Amino acid sequence: MAELGLNEHHQNEVINYMRFARFKRGLCLKTVDSCFQDLKDSRLVEETFTVDEVIDMLDGLRTVVHSEVESELINTTYTNVLLLRQLFSQAEKWYLKLQTDVSELENRELLEQVAEFEKSEFTSSNKKPSSDLIKPKLAPLNEGGSELLNKTVACLQEENEKLKTRLKTIETQATAALDEKSKLEKSLKDLQMIQGDQKTNGNQDITELENKVAALKCQFEKTLNDSTANQKFLEENLVTTKHDLLKVQDQLSTAEKELEKKFQQTAAYRNMKEILTKKNEQIKVLRKKLSKYEPED
């Protein structure tokens, strides 16, 4: 059986259209035959005719046949336009732009292929029952399209819920990071107050104090680096979330700006430097005091 290179559904649609075209073609041929038969019945009633009479009869027959054929050709053109309109309307609903190549309509090889396809489909041995060729009109446009849109909407809603959950997790992590920074700042201030009130009386106490300050400085720098890495991680997650879910873009942007602003306003490092400066000054003062009590050589 000849094939047109189409799937089963589209090939059945082509068969339905060819059946319609064959029916219209048969009606046209019957109309032409009736024109000749009318001429026979109405004018050929005598045995002999003059040349003028024959010319007159042929001219009349030509006018009638010309009118019938022209009317059928015009109707066929309009029918094809309506068929193209159905196809283009379906494509536009899916934002598609179809293109046609008019030059292929006169491709002799393709025309012969269509003729062979028609011959194989409509011979008496291969002709399918009419009940098997009844297809729902434009089913993919109304039912199939709506079902696909519903599935797409459901998938988007599910993805939306996942992104909302992810956003809440990120907000929780950001809040925890801010709380941790606040605790560190408070601890640093408490340490500063304790160190301000603390008095040392010897080189051993000074050394221990310097070691504690150095350890606290290292711990603070490590915590600050961890907070910075955590902040970068949160910012990357926020940027990714903004691309995935535009509806929560403003909320993520606001949270990111607030987090960055609070981090930039942190005076932890500056306070630690001031603590070290004050402690060095205290050490110098204590050394001067100790030098007064040392015996002279």
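I started with Phe 20, which counts as partly exposed because its relative accessibility is 38%; buried means under 20% relative accessible area, exposed over 50%, and partly exposed in between, with a 1.4 Å probe and protein chains only. This is a predicted model, where local features need pLDDT of at least 70, side-chain atom pairs count only at pLDDT 80 or more, and totals for chains, interfaces and linings use all residues. I number residues from 1 along each chain as its sequence is written, and side-chain values use heavy atoms, without hydrogens or water.

Next I looked up Tyr 17, also partly exposed because it sits at 27%. I found one aromatic pair (Phe, Tyr and six-membered Trp rings with centres within 6.5 Å; planes under 30 degrees apart are stacked, over 60 edge-to-face, the rest tilted). The ring centres of Tyr 17 and Phe 20 are 6.4 Å apart and their planes meet at 40 degrees, so I noted a tilted pair.

Which residues make up the largest nonpolar core? I listed Val 32, Cys 35, Leu 39, Met 57, Leu 61 and Val 65. Such a core is a set of buried Ala, Val, Leu, Ile, Met, Phe, Trp, Tyr and Cys residues joined through side-chain atoms within 4.5 Å. Both α1 and α2 give it two or more residues.

Terms used:
Helices (H or I, at least four residues) and strands (E, at least two) are DSSP runs, numbered from the N terminus.
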